[in-house]
Every structure is written in C-alpha cells, then in structure tokens.
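Biologist: I would like to learn how to read a structure like this one. Please take me through it, feature by feature.

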Amino acid sequence: MQDTSSTPTSAQRRIQVLSSHMGPNTDAQQGTSSTISHQKTAQMHGATFPLGEDGSTYHLETKLSEVSNRILTVGDPSRAERIAKYLDCVVFDKTSHRGFRTITGLYKNIPVSIVAIGMGIAAMDFFIRECRAVIDGDMAIIRIGTCGVVKSDIPVGTVVVQDASVCVLRNPDGFRSAIHNVDVVDDDVSVSTTGEHDSISSTSDDDDQKLENDEETSDDDIEHPTTLQQPAQQQPADSRPSRIVKEIRREAYYVTLPVKASDQLTDLLHKNVAVHVEPKWIVRGLNATADSFYSSQGRTTLDFKDKNESLIDELIQKIPSLTSLEMETFHLFDMADVCKRGKIHAASCVIALAQRQSEEFLDNKVKKLREKQCGLSVLDTLVGMPLEKEMQNGVWTSTPEQQGSIQLNTQDNK
C-alpha cells in the first residue's frame, strides 16, 4: 500500500498556494504581521472560501498587499476610474472576471484603494468579505453612491451623509396565502402546498381587513416580520406519516433594525464634504437599503404584482427620520458591525439622484460635479482617519520613481 502520510491534502495544497503568494513577513520590524495567520488560512480553501490558482480571492481576484486598509467603494467601474484620477499615482489596477475593479495608489502619500463592486447587497458581501480576507489590521471603508430621497423638502443634488441604515426586504411569503403540509416519514421529509396562491393584493377587501385585524400593531418606529403558525391537530405518537400543518401569513415587505455607521468616520466625512459642497446641499439622516431597485423601493410596474403602491408612504410614516433609499449601505454597516478580525470603520455618502415624491431626476452635469466633490471629500477623509493597525508594505511601498505609476485601464466614461 502506498504511504500517503506525507502527501498534502487538497486543503493543505490550497493553503500552500495562498501562502506562496503572500511574500515574506515584511512588517516584522514594526511588530505586526503582514501574512494571514495559519488559523485563518486553514479556513480559506475548497468550497468554503474558494481561491484562484494564484491564491487570489475568487471574485475580486486580489491578494494580500494589493488592497490597502483605506478603501473608497463605488458601484460603477467608470466612476472608480474618474475618482482614481485624483490619486497622486496608481500602482495597481485590476478588473476581475466577475467585474469587480480594484485600483490602488497613493493619495497625499498614503495608500488608498478604490473598488467598484456593481450593485446590490450580494455584491457588497463579496467585496467586504474578500477584502477583509487579504487585509491585515483595521480598515476604513467609505461608500460613494447615488440614492433616491423620500422627503419632498430634499432636492435632487443633495449629498446625504448616512448616519445609520435599515434594510427593506421583499418577503415572498407575503405574496401567497397557503397551507403548507409537511409530511415526515421516518427521516424523509416532503413538503406539499395547498390553498390559493394569488398575491395578497388580489384578496377581497374583507379578507384584507381580517388580516389587519388579526395582526397586532407595534408602537415601534420599525416594523418586524411576524409569522402566525397554527399547528394541526396532533397525531398519535406512533402514527406514520405524522403531519405538521402551519399557516404562513406575512407582510409583503419588512424592515430590519437600524445599524449605525462609524461615528468617528462619519463626523470626519461630514466635515470634509462641507469643504467641497455648500452646507445647504448636505443632509445627515437615516438610510434604507432595499434588496431590489424596483419592488422594495416602491417602484410599481405593470408586469408584476409588487404590492408596493404605498410602500414609501408607509416607510416614512413608520420611520420619520428616513432620508434616503438605495441598495448597498446597510450591508456595509452590518458587516462592519459583526466583523470579528480587526476593526472596520464604515461610512457612506450618496448623491440624491431621484426625488421620489416629485419624480425629479438629477441633471448629469450636476451629478458629475457632485461625484468629483464627494470623491475628494472621501479621499481626504480616508487619509485623515487614524487607524490603530494597518499594513506598512504592499504594492504601494515602492515610490513612483522606483516602480513607475501605471496608466489606468480606461473604460467608457459616460
């Protein structure tokens, strides 16, 4: 029989691949480690945290030393490119096969990365987890984006500095009224559904009133999902199959508790935005991140039963301090709050692109001006934010004279 005791496992080979691309521990003289710990590395293999053949993260395709501790994130890759032109130099520019673009350079001689992630909560999750995986020390992340404003007295072109965010989620169960039968036979489970499957919005007025009367009304500003369960008559213990019947009746949309931004980073961001933008065009407030552009933001269409005609009005009524509505900020704040390795300081400023009450939409010329102003404000904030621990070496370590500032991979700048 062949001796396999010294043959590395698939997991060990993954670890070796990752470690071989990290380089030496160049921060040892500062007393900090610039390599990912063995305990952490051991978790980064296989299907749990897949890596590329070169040891890079699977979706962003970046490695240790390629992304700095200070990150400006946007959705649009061309916006990342435009803001990158304000850097002193660019030393790294990569677009992954999934469309994530990472640009790293120096701003006022301090390393900064600009990462374009696309849209939505899932994209934000890829970004923050995979950047955290290849960055040692603390992180400061600021998002620049666009939003809709929900109050009539906030004009388009306003810059909203977001103090906290809730999340608005579309609940598929809220569009169906059905009895779910769960059959249990030994260890096998099968689920069948009986009853009507029409959208709740298609029920009669009497049915809607009955549902409203059945559900308790909370005094809290923010409404949380409730599930009403009614078990069927209990079957004898020895009967097969046993059957559990429960009725699921929920709201079509529900709202999470708010998660705060970093107070220190947000205060500094507000201060720097006020340097570039007239104070009358700046507001601070509570944001709502929606899980879609259409249904969860109250945009009605003829093709689908979204049951959202009064969603914005209900949000304003339930959350009086609500200011902006977009698709990413909540998850940034949420992940920063639950990070276990190192501290993540998170903040966000967004440009009011759409006035949801008046239906006004921002002129493209003004949008580009606000983008520049926010870009400079965020860069100033990132380099001005003190971090207790950060990497001292990376692709930015060599001076432009030694390494040479690279040219950006120019994309469409519409």
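Modeller: Cavities come to begin with. A whole-structure search finds one cavity of 30 Å³ or more. On a 1 Å grid over the protein atoms alone, a cavity is a set of points where a 1.4 Å probe fits but cannot get out. Points are joined across faces, edges and corners, and the volume is the space filled by probe spheres set on them.

Biologist: Which residues line the largest cavity?

Modeller: Lining residues have an atom within 4 Å of a point. Here they are Ser 68, Asn 69, Arg 70, Ile 110, Pro 111, Glu 390, Met 391 and Trp 396. The volume of this largest cavity is about 30 Å³.

Biologist: What should I know about the model itself?

Modeller: This is a predicted model: local features need pLDDT of at least 70, side-chain atom pairs count only at pLDDT 80 or more, and totals for chains, interfaces and linings use all residues. Residues are numbered from 1 along each chain as its sequence is written, and side-chain values use heavy atoms, without hydrogens and water.

Biologist: How many disulfides does the structure hold?

Modeller: A disulfide is a covalent bond between the sulfur atoms of two cysteines. The cut-off is a sulfur pair within 2.5 Å. This structure holds zero. The closest cysteine sulfur to that of Cys 349 is in Cys 374, at 4.1 Å, too far for a bond.

Biologist: Is Cys 349 buried or exposed?

Modeller: Buried means under 20% relative accessible area, exposed over 50%, partly exposed in between (1.4 Å probe, protein chains only). Cys 349 is buried, at 0%. Cys 131 is buried with a relative accessible area of 0%.

Technical notes: 1 Å grid on protein atoms, 1.4 Å probe; cavity = no way out; pocket = protein on both sides within 12 Å on 5 of 7 lines; lining within 4 Å.
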